[in-house]
Amino acid sequence: MRISTLVVTLISAGLLVSGCASQNGAGTSSNNAGKGAAIGAVVGAIAGKSTANHKNKRLVIGAAVGALAGAAVGSYMDQQEKALQEELSGSGVKIIRDGDKLKLDIPAQLTFELNRSDIRANLFPVFNDIAKVLRDYDKTMLVIAGHTDDTGPYQYNMNLSQARASSVKQYLVAQGVQDIRIETQGYGPSYPAVPNNSDSNRAANRRVEIHIEPIVE
């Protein structure tokens, strides 16, 4: 399937939130841009592991919301970082810059009750501020990653981290951030920020991260 045909097909799937995969003439499934097919590729690429699927995801979002020319990327992300710093000052959310990528590190204990995935009502203003900046700087793709500590059953933690990441996505979409730009992934205890060897470290590992990557032409 030609890239132009693939992009049109995937945009249609994403905008309709259909969850369906289109077929090419030989009968093989194309990448599903709507929900889950590109999640692993996007997360891997944000971690520095470039993949063909991630390139396709950028093409899909770029065709839907626009893309940045290479020379404009640094300035665009500088401005977005500054806007996030201004909106999130004193919120407890850490803003981490890595080249032309940003990461928002959100402590889970601030965002969720113990063993729950619904966002605390007192954190709505913080997520409203995040959504405002993400709407203003829409030439980016986002991966929302949920993490837990290593206490409790592994599969329970995997499910909880996915549910929390999905809750954050649903809230941001409700605030006007385009669904097509966002993927979610629950990692459970698989990628601790620090060793799980103390109560304070375990608390630090219970977090949600929003990875923000520019869409480049």
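Author: The account below begins with the chain as a whole and then turns to the aromatic rings, the helix contact and the sheet.

This is a predicted model, in which local features need pLDDT of at least 70, side-chain atom pairs count only at pLDDT 80 or more, and totals for chains, interfaces and linings use all residues. Residues are numbered from 1 along each chain as its sequence is written, and side-chain values use heavy atoms, with hydrogens and water left out.

The chain has eight helices and five strands; helices (H or I, at least four residues) and strands (E, at least two) are DSSP runs, numbered from the N terminus. Their order from the N terminus is α-α-α-α-β-β-α-α-β-α-β-α-β. Of the 217 residues, 45% count as buried, where buried means under 20% relative accessible area, exposed over 50% and partly exposed in between, with a 1.4 Å probe and protein chains only. Among contacts (heavy atoms within 4.5 Å) with a separation of 6 or more, 69% come from residues 24 or more positions apart.

The structure holds four aromatic pairs. Rings of Phe, Tyr and Trp (its six-membered ring) pair if their centres lie within 6.5 Å; planes under 30 degrees apart count as stacked, over 60 as edge-to-face and the rest as tilted. One of the pairs is Y76 with Y137, edge-to-face at 5.3 Å centre to centre and 75° between the planes. Y76 belongs to helix α4 (residues 73-88) and Y137 to the loop between α6 (124-136) and β3 (140-147), so this pair ties together parts that are 61 residues apart in sequence. Y76 is buried at 14% relative accessibility, and Y137 is buried at 16%. For Y187 and Y191, the ring centres are 5.2 Å apart and the planes stand at 90°, so this pair is edge-to-face. Y187 is buried, its relative accessible area being 15%.

F124, F127 and Y171 form one aromatic cluster, and these residues take part in the contact of α6 with α7. In that contact, F124, F127, N128, I130, A131 and L134 of α6 meet V168, Y171 and L172 of α7. The residues comprise eight nonpolar, one polar and no charged; Ala, Val, Leu, Ile, Met, Phe, Trp, Tyr, Cys and Pro count as nonpolar, Asp, Glu, Lys and Arg as charged, and the others, Gly among them, as polar. α6 and helix α7 (residues 154-174) pack at about 65°, with their axes 9 Å apart. Axes are lines fitted to C-alpha atoms, for helices over the stretch in contact, and angles run from 0 to 180 degrees between N-to-C directions.

The five strands form an open sheet of mixed pairing, in the order β1-β2-β5-β3-β4; two strands pair if DSSP finds at least two bridges between them. β1 (94-98) and β4 (182-186) stand at the edges with a single partner strand each, so one side of each is left without a neighbour in the sheet. From one strand to the next, the twist averages 20°. Strands β2 (residues 101-107) and β5 (residues 207-214) run antiparallel and are joined by six bridges; K103 has H211 in β5 as its bridge partner. α4 packs on the sheet, touching β1, β2, β3 and β5, and its direction makes about 165° with that of β1. α7 also packs on the sheet, touching β3, β4 and β5, at about 160° to the direction of β4.
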